[in-house]
Amino acid sequence: MLGRGWLLRHGSARWWLLGAVPAVIACGCSSGSGAAQPAAQADTTSASSPAPQSTPDHRHHRGIRTIRHVIVIMQENRSFDSYFGTYPGADGLPAHACVPNPAGGCERPYHDRNDRNVGGPHHAEDAIADIHHGRMNGFVKAEMLSGHAGYCRDHPSLLTCQADPNHPDVMGYHTAREIPNYWAYARNYVLQDRMFEPTTGWSVPAHLFLVSAWSARCASRTDPMSCHSDPTVGLPAGAEPGDPGYPWTDLTYLLAKNHVSWGYYIASGKEPDCADGDMACPNAPDQDATRPSMWNPLPLFNDVNEDGQQKNIQPTSRYFAAARNGTLPAVSWVIPSEKWSEHPPAMVSRGQFWVTKVVNAAMRSRDWKHTAIFLAWDDWGGFYDHVRPPHVDTNGYGLRVPAMVISPWAKRGYVDHQTLSFDAYARFIEDVFLGRQRLDPATDGRPDSRPNVRETPPLLGDLRKDFDFSQKPQRPLLLEPCPAGYAFAADCADPGGP
């Protein structure tokens with residue numbers, strides 16, 4: 001397996017390796033697991049080339065002014081196929097998929113009925129291994145032969161060290177049985193089946209892209225021109241709130257400059273990962289709104305401290321209060337703690353419980369008629385996905401993740417096949433609130449050394465196409481966080497929950 005040193009030396013070369021080989025799904029071997037169940041046949045329209053993009057009509061341009069509140073909910077570590085691989089009309093699991101197992105044979109996707117999952121390694125080099133020159137068949141090998149094996153010999157009781165070599169759950173998929181509310185949102189609003197993580201990296205670079213459309217490593221913590229693209233970047237060593245950390249420009253700079261309100265709401269609790277992103281971490285650190293963490297990078301952005309915007313990084317209790325009081329900011333990011341994140345080994349049911357509470361709060365708010373919710377998962381978590389990611393630059397794209405649009409103006413029951421990444425969220429926010437300004441060193445007033453403007457490549461779809469402002473606005477779809485008859489009802493609710 002390629003190590004981080006190789007990746008840092010040859011990062012720009014790795015996409016040549018991916019682009020040189022046509023996309024091939026899995027291998028031609030027979031199943032190596034008798035317990036595996038063949039995936040249901042799904043619409044397998046080719047997704048290796050971006051769908052043609054067209055400019056939204058004037059109705060979209062006029063109607064977009066209806067949106068006054070954007071809420072981005074970011075969950076953790078699931079691939080599209082692992083959650084919606086059998087969803088009707090989506091580019092889901094191919095019937096012939098079978099991924100080689102180093103123990104022998106190959107593994108087919110199977111219906112995983114467990115509430116907890118182990119998942120797989122999800123560093124940048126693991127993405128390369130999973131993608132395997134476009135064949136999309138390295139997932140089982142990456143899990144079984146990853147560098148975590150030695151660690152797990154010393155910590156055999158950790159759930160993340162208990163992957164079954166004969167039936168690895170990176171090949172498992174869930175259905176409406178395990179995630180009924182997510183499927184209900186998909187049926188009633190918009191499901192996006194080509195949302196790609198913006199980078200091949202793990203949580204830190206994914207969340208950096210979420211707020212800044214870039215992931216970089218900088219020679220100087222104060223010089224934005226000293227940075228270069230890097231999908232392996234982590235938190236700066238010894239970083240504390242107010243310390244220089246990330247000198248390039250993030251989206252909140254443009255929001256503050258244009259007097260657009262924003263809030264980054266993060267739940268207090270445990271982080272799921274070790275500081276280096278390994279799967280197994282017995283002593284995970286705490287996270288809260290007052291300190292930088294893997295899912296809370298904004299306190300380390302120099303511009304956040306320079307323009308006095310630290311106060312907008314708040315506990316999630318403030319989100320629920322703002323929704324209740326009708327005082328939501330224009331832009332909200334809502335981030336869970338480990339318990340509610342779905343990051344293995346966190347329970348799927350508790351993640352759905354959390355998301356349902358967050359969505360219900362927005363739907364009950366007097367702001368609902370002017371709200372767009374974007375729900376996504378930050379990276380693939382090692383889980384199987386059959387779609388080869390497009391190449392945009394050194395950082396990505398990474399693997400496909402689940403994503404939805406929930407809004408009274410979202411098209412009902414629509415599957416969006418546009419090529420998307422989290423950069424589309426930044427562009428939508430810029431289009432709605434910033435007069436189409438971009439995080440562009442040439443125009444944003446705070447130059448940095450980013451090599452491109454991630455909101456503008458031709459292959460990136462337009463989220464405005466997921467809305468119909470001529471329709472009668474949909475009424476709130478208030479769901480029970482633990483639905484009646486839910487398979488995991490005993491686990492999903494928690495007295496200490498939101």
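# Close-up views of a predicted fold

**View 1. Asn101 sits in the loop between strand S2 (99–100) and strand S3 (106–107).** Helices and strands here are DSSP runs numbered from the N terminus (helices are H or I with at least four residues, strands are E with at least two). What you're looking at is a predicted model, where local features need pLDDT of at least 70, side-chain atom pairs count only at pLDDT 80 or more, and totals for chains, interfaces and linings use all residues. Residues are numbered from 1 along each chain as its sequence is written, and side-chain values use heavy atoms, with hydrogens and water left out. Is Asn101 buried or exposed? Asn101 is buried, since its relative accessible area is 7%. "Buried" means under 20% relative accessible area, "exposed" means over 50%, and "partly exposed" is in between (1.4 Å probe, protein chains only). Now find Ala142: 41 residues along the chain from Asn101, with 9.6 Å between the two C-alpha atoms.

**View 2. Tyr173 belongs to strand S5 (residues 172–173).** This tyrosine counts as buried because its relative accessibility is 6%. Look for Arg113 too: Tyr173 and Arg113 are 60 residues apart in sequence, and 8.3 Å separates them from C-alpha to C-alpha.

**View 3. Helix H4 (residues 124–131) is mostly covered.** Seven of its eight residues are buried; among them are Ala124, Ala127, Ile128 and Ile131. The buried set of H4 also includes Glu125, Asp126 and Asp130. Just after H4 comes His132, with a positive phi of about 50°.

**View 4. Helix H8 (residues 203–212) has 10 of its 10 residues buried, so the rest of the structure largely encloses it.** Which elements do the buried residues of H8 pack against? The partners are strand S1 (69–75), helix H9 (251–257), strand S10 (262–266), S14 and helix H13 (423–433). Contact here means heavy atoms within 4.5 Å. The buried residues of H8 include Leu208, Phe209 and Leu210. Just past H8, Ala213 has a positive phi of about 60°.

**View 5. H13 is largely enclosed by the rest of the structure, because 11 of its 11 residues are buried.** Buried residues of H13 include Tyr425, Phe428 and Phe433, along with Asp423, Arg427, Glu430 and Asp431. Just after H13, Gly435 takes a positive phi of about 60°.

**View 6. Helix H7 (residues 180–188) crosses helix H12 (residues 348–364) at roughly 45°.** The two axes come within 9 Å; they are lines fitted to C-alpha atoms, for helices over the stretch in contact, and angles run from 0 to 180 degrees between N-to-C directions. The two helices are therefore oblique to each other. Angles under 35 degrees count as roughly parallel, over 145 as roughly antiparallel, 65 to 115 as roughly perpendicular, and the rest as oblique. On the H7 side you'll find Pro180, Asn181, Tyr182 and Tyr185, meeting Gly351, Gln352, Val355, Thr356, Val359 and Asn360 of H12. By class, that contact has five nonpolar, five polar and no charged residues. (Ala, Val, Leu, Ile, Met, Phe, Trp, Tyr, Cys and Pro count as nonpolar, Asp, Glu, Lys and Arg as charged, and the others, Gly among them, as polar.)

**View 7. The loop between strand S14 (331–335) and H12 holds Ser341.** Ser341 counts as buried because its relative accessibility is 0%. A polar atom of the Ser341 side chain lies 2.8 Å from the backbone oxygen of Glu338. What else does Ser341 touch, leaving aside its neighbours within four places in sequence? Its contacts are Gln75, Glu76, Trp295, Pro336 and Ala346. Pro345 also has its place in the loop between S14 and H12, and the peptide bond from Pro344 to Pro345 is cis, with omega near 10°.

View 8. Phi of Asn77 is near 60°, and phi of His259 is near 60°. Asn77 lies in the loop between S1 and helix H3 (80–84), and counts as buried at 0% relative accessibility. His259 is found in the loop between H9 and S10, and is exposed, with a relative accessible area of 75%.

How values were computed
A polar contact is a pair of N or O atoms within 3.5 Å; within protein, one must be able to donate a hydrogen and the other to accept it, and residues adjacent in sequence count only if both atoms are side-chain atoms.
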